Amino acid sequence: MPFDLVTIPCLSDNYAFLLRDQQSGAVALIDVPEAAPISAKLKELGWTLSEIWLTHHHPDHIQGVPDLTAEHPARILGAKADAHRLPALDHALTDGETFQFAGHDVQVMDVSGHTVGHIALYVADAKCVFTADSLMALGCGRLFEGTPAQMWASMQKLMKLPQDTTVCSGHEYTQSNAKFALTVDPENPALISRSREIDQARKDGVPTVPSTLSTELQTNPFLRPADPGIRAQLGMENATDTDVFAEIRARKDRF
Ligand code: ZN
Ligand code: FE
């Protein structure tokens with residue numbers, strides 16, 4: 001891979017990511033929960049920050065921008081739809097737009113649901129997608145602004161990416177997501193074994209993020225409303241995928 005990808009734990013359970021193009025040395029940072037750990041990692045690696053890509057407006061994804069850019073100036077990119085509630089943008093992104101990062105295509109995908117205006121950023125050459133609080137490891141973001149139908153439409157967009165895509169999501173919620181997932185998909189062998197791996201990783205203090213899309217497709221109930229086992233478990237054999245997705249999301253909210 002002509003890229004380096006670094007996961008940086010921030011705050012209590014957030015993740016920021018650094019993506020570096022090895023040939024040019026250009027570095028993109030995805031989300032800025034807080035400045036200190038990101039600044040420390042840049043110094044440790046000797047990397048110079050080029051760009052910041054913001055996924056959505058929540059404080060735990062943007063609040064480190066002023067402190068970080070005071071030390072590490074960078075171009076800031078984020079959704080045009082959210083420009084009124086993001087730090088000042090150097091490039092306002094629209095859904096479906098492709099922009100260049102060190103000569104590589106970055107595809108902007110509107111993945112509204114957690115918020116309206118939340119974007120995911122897909123870098124095909126790096127085989128990775130930055131999903132923050134849309135698609136998460138074994139979960140999906142809570143619906144603060146969007147509807148279940150909106151979030152399900154967003155999930156379906158992400159599901160069409162190549163299965164070997166690395167999914168870089170925004171939080172270490174995977175262990176509790178796994179406990180919930182087992183309540184709606186208890187017989188899924190891939191989920192049962194992933195859940196064990198997650199317990200071990202957390203015991204060892206190892207991040208469970210990023211994951212891969214193929215793993216999510218096999219185990220994440222929010223990508224599996226069409227699954228007969230989940231439908232049987234919910235007693236929703238004849239419902240639409242959207243309704244099953246909505247029921248899974250509602251149960252997670254109460255879990
Ligand atoms: Zn959020
Ligand atoms: Fe968040």
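**The cavity.** A cavity is a set of points on a 1 Å grid over the protein atoms alone where a 1.4 Å probe fits but cannot get out, and its lining residues have an atom within 4 Å of a point. In this predicted model, local features need pLDDT of at least 70 and side-chain atom pairs count only at pLDDT 80 or more, whereas totals for chains, interfaces and linings use all residues. Residues are numbered from 1 along each chain as its sequence is written, chains are lettered from A and ligands numbered from 1 in the order in which they are written, and side-chain values use heavy atoms, with hydrogens and water left out. A search of the whole structure finds one cavity of 30 Å³ or more, and the largest cavity has a volume of about 40 Å³ (the space filled by probe spheres set on grid points joined across faces, edges and corners). The residues that line this largest cavity are Tyr15, Phe17, Ile30, Asp31, His61, Ala132, Cys168, Ser169 and Gly170, and the elements that give two or more residues to the lining are strand 2 (14-21) and strand 13 (166-169) (strands are DSSP runs of E, at least two residues, and helices runs of H or I, at least four, numbered from the N terminus). Five residues of this lining are nonpolar, three are polar and one is charged (Ala, Val, Leu, Ile, Met, Phe, Trp, Tyr, Cys and Pro count as nonpolar, Asp, Glu, Lys and Arg as charged, and the others, Gly among them, as polar).

**The zinc site.** His56 (NE2), His58 (ND1), His114 (NE2) and Asp133 (OD) coordinate the zinc ion (ligand 1) at 2.2 to 2.3 Å (donors are N, O and S atoms within 2.8 Å of the metal, or 3.2 Å for Na, K and Ca, and sites may look incomplete because water is not among the atoms). The arrangement is irregular because the four donor atoms subtend angles of 82 to 171 degrees; four donors count as tetrahedral if all angles lie between 85 and 135 degrees, four as square planar and six as octahedral if opposite donors are over 155 degrees apart and all others between 65 and 115, and anything else is irregular. Along the sequence, the spacing of the zinc donors is H-x1-H-x55-H-x18-D. Distant parts of the chain are linked by a pair of these residues, namely His114 in the loop between strand 8 (104-110) and strand 9 (119-123), and Asp133 in the loop between strand 10 (128-132) and strand 11 (135-136), 19 residues apart. His114 counts as buried at 4% relative accessibility, and Asp133 counts as buried at 4% relative accessibility (buried is under 20% relative accessible area, exposed over 50%, partly exposed in between, with a 1.4 Å probe and protein chains only).

**The iron site.** The iron ion (ligand 2) and the zinc ion (ligand 1) are 3.0 Å apart, and Asp133 coordinates both. Asp60 in helix 2 (residues 59-62) and Asp133 in the loop between strand 10 and strand 11 are 73 residues apart, so that this pair, too, links distant parts of the chain. Asp60 is buried, with a relative accessible area of 18%.

**A histidine in a loop.** His72 lies in the loop between helix 3 (65-71) and strand 5 (75-79). The residue His72 is buried, its relative accessible area being 11%.

Terms used:
On a 1 Å grid over the protein atoms alone, a cavity is a set of points where a 1.4 Å probe fits but cannot get out, and a pocket is an open set with protein on both sides within 12 Å along at least five of seven lines; lining residues have an atom within 4 Å of a point.
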